[in-house]
Amino acid sequence: MTAELLDSYAELNRACDVNESRELVRDIFTMTGDKWSMRVIKALADGPLRFTRLMACVEGISHRMLTRTLRTLERDGLVSRQSYAESPPRVEYSLTELGETVLEPVMAFIQWTHTHQAEIEASRARFDG
């Protein structure tokens, strides 16, 4: 390992050992890896959407799961909910400034996966074979 990588690893260990942030770090990793959160964030990346349009953009998500996912993302400050006093009532969901910032590290992780896809697949084939 390079010295820079070792420093980054040590910094990561220190950050994960801080009791006040350990659970939050775990929660955010769980959120980025769950089936729906990143898909909802991606759907909102181009601008606000109403619930039914958002549900159509996130193929396969149920009404209940979209509601739960949006509430979790709203609780974490990544998504905002705007109600309009109209008849019938209209509600739109959008990414907050904080929500927009999560796209960069997630895209970096996706890029890392694409860069190393062949190596990962070869390793899996050797292991499974």
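Me: Which residues in α7 meet Gln117, Glu119 and Ile120 in α8?
Reply: This is a predicted model. The contact joins two helices, α7 (residues 103-115) and α8 (residues 117-128). By class, their contact has two nonpolar, four polar and one charged residues. On the α7 side, the residues are Trp112, Thr113, His114 and Thr115.

Me: Are α7 and α8 roughly parallel or oblique to each other?
Reply: Their axes lie 4 Å apart and pack at an angle of about 60°. Roughly parallel needs an angle under 35 degrees, and roughly perpendicular needs 65 to 115. The two helices are therefore oblique.

Me: Which element gives the most to the lining of the largest pocket?
Reply: About 590 Å³ of space lies in this pocket. Among its 17 lining residues, Phe29, Thr32, Pro105, Val106 and Phe109 are closest to the centre. Two or more lining residues come from each of α2, α6 and α7. The top giver, with six residues, is α7.

Me: How many charged residues are in the lining of the second largest pocket?
Reply: This pocket holds about 220 Å³ of space. Its lining has 13 residues, and nearest the centre are Asp27, Met31, Asp34, Thr72 and Asp76. Four lining residues are nonpolar and four are polar. The charged ones number five.

Me: Is Glu100 buried, partly exposed or exposed?
Reply: Glu100 sits in helix α6 (residues 97-101). Its relative accessible area is 49%. Buried means under 20%, and exposed means over 50%. Glu100 is therefore partly exposed.

Note on methods: Residues are numbered from 1 along each chain as its sequence is written. This is a predicted model: local features need pLDDT of at least 70, side-chain atom pairs count only at pLDDT 80 or more; totals for chains, interfaces and linings use all residues. Side-chain values use heavy atoms; hydrogens and water are left out. Buried means under 20% relative accessible area, exposed over 50%, partly exposed in between (1.4 Å probe, protein chains only). Axes are lines fitted to C-alpha atoms, for helices over the stretch in contact, and angles run from 0 to 180 degrees between N-to-C directions. Angles under 35 degrees count as roughly parallel, over 145 as roughly antiparallel, 65 to 115 as roughly perpendicular and the rest as oblique. Contact means heavy atoms within 4.5 Å. Ala, Val, Leu, Ile, Met, Phe, Trp, Tyr, Cys and Pro count as nonpolar, Asp, Glu, Lys and Arg as charged, and the others, Gly among them, as polar. On a 1 Å grid over the protein atoms alone, a cavity is a set of points where a 1.4 Å probe fits but cannot get out, and a pocket is an open set with protein on both sides within 12 Å along at least five of seven lines; lining residues have an atom within 4 Å of a point. Grid points are joined across faces, edges and corners, and a volume is the space filled by probe spheres set on the points.
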